[in-house]
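Colleague: Could you take me through one part of this model, the place where the two chains meet?

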Amino acid sequence: MILYSIVPPELVFQNFEQENCQRVIDRNGILLLVTDEGTGWGKILRIISTNPADFLNEQYQPGKKIFLGG
Amino acid sequence: MTINLPPYKPAQKGPGMKHAFEQQTRKKVQGSKKTEAIKEFGQIQMPQVRSDIQCITIIGQIEGHIIMSPQNKTTKYEHVIPQLVALEQSDEVKGLIIILNTVGGDVEAGLAIAEIIDSLNKPCVSLVLGGGHSIGVPIAVAADYSFIAETATMTIHPIRLTGLVVSVPQTYEYLEKMQDRVIRFVTSHSKITESNFRKLMFQTGELARDIGTVLVGKDAVKEGLVDEVGGLNKAIQKLYDLIRAREQGQYFRPQGSYPYRQSTEQEPPPGGGIQ
């Protein structure tokens with residue numbers, strides 16, 4: 001991989017070993033990036049969609065807690 | 001669930017679209033389905049609104065074959081590419097707006113996204129807000145028409161290898177090839193000439209600890225990299241203009257050939273670039 005970025009690679013790969021506790025889940029066809037807290041619940045970090053209206057959906061606002069299932 | 005879109009009305013100005021959006025929302029909320037769902041399942045039905053233009057945001061680092069550490073904000077190609085394929089297939093979607101605020105990232109992933117945007121058959125406008133650096137440059141120029149906010153910047157600098165490098169001359173040739181891929185894509189999709197782009201790329205004295213140039217808003221337009229200085233209203237207006245032109249059969253995307261190829265003054269140097 002060649003990184004073509006203005007951010008120095010040592011910053012990009014800082015804490016590379018750290019475990020990634022983020023996950024992408026699907027809710028009604030909308031992809032959500034969530035943190036998995038291991039309790040069955042997570043917090044929405046980001047909405048991944050091309051539909052601008054999905055970002056107005058109150059159910060899926062960043063910061064909201066979301067049930068991920070057992 | 002099928003969604004009935006109201007007939008598309010061309011020649012609407014910016015606020016008109018918002019109005020149509022609100023109207024549609026109101027109509028959906030009034031539906032009896034909502035009350036039924038509340039009664040039966042205690043579930044709230046959110047208004048389903050689909051806009052006829054869709055938006056892709058390219059933010060943070062562009063993530064390629066290696067997952068970056070969680071502190072990086074990333075745009076992953078496995079998210080963006082299927083989205084673009086879906087948009088190309090969908091009949092409801094008339095056009096696409098790409099909003100960039102990126103610091104660069106993986107060359108291959110960035111070029112993949114740029115190529116797929118270029119080969120889209122639907123009108124597509126890009127808008128650089130904040131920054132569209134490094135590999136963000138080819139993505140910005142891949143759209144039919146590009147805008148840059150007045151305060152936004154684009155950094156053009158050489159590609160470099162990091163980490164453990166096999167110190168043989170071939171390594172540099174490989175690096176040169178990678179760089180030529182980016183240069184050829186940018187110069188063939190924008191009005192900037194190859195010699196000028198190379199000059200900006202290898203400029204010294206511009207960046208504090210690097211080789212290259214930072215282009216701020218107007219400068220990017222002056223160099224021919226971006227088409228126009230503007231914000232969201234201009235970008236959406238342009239997109240609707242392109243959509244209208246397409247509906248009237250006046251617009252087509254050049255397939256397989258780069259739109260600005262004839263305007264580039266010289267061919268890549270013999271032996272240079274990818275064959």
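Which residue of β3(B) does A:Leu3 stand opposite?

Modeller: Happy to! A:Leu3 stands opposite B:Asp106 in β3(B). Strand β1 of chain A (residues 3-5) runs antiparallel to β3(B), joined to it by three bridges; strands are DSSP runs of E, at least two residues, and helices are runs of H or I, at least four, numbered from the N terminus, while two strands pair if DSSP finds at least two bridges between them.

Before going wider, some ground rules. This is a predicted model, where local features need pLDDT of at least 70, side-chain atom pairs count only at pLDDT 80 or more, and totals for chains, interfaces and linings use all residues. Residues are numbered from 1 along each chain as its sequence is written, chains are lettered from A and ligands numbered from 1 in the order in which they are written, and side-chain values use heavy atoms, leaving out hydrogens and water.

Now the whole interface: 32 residues of chain A are in contact (heavy atoms within 4.5 Å) with 45 residues of chain B. Together the chains bury about 3100 Å² (accessible area lost on being put together, 1.4 Å probe, summed over both), with 61% of it on carbon and sulfur atoms.

On the side of chain B that touches chain A, β1 (53-63), α3 (77-89), β3 (95-106) and α6 (169-189) each supply at least two residues. The largest share, six residues, comes from β1(B).

Conventions: Buried area = accessible area lost by both parts, 1.4 Å probe.
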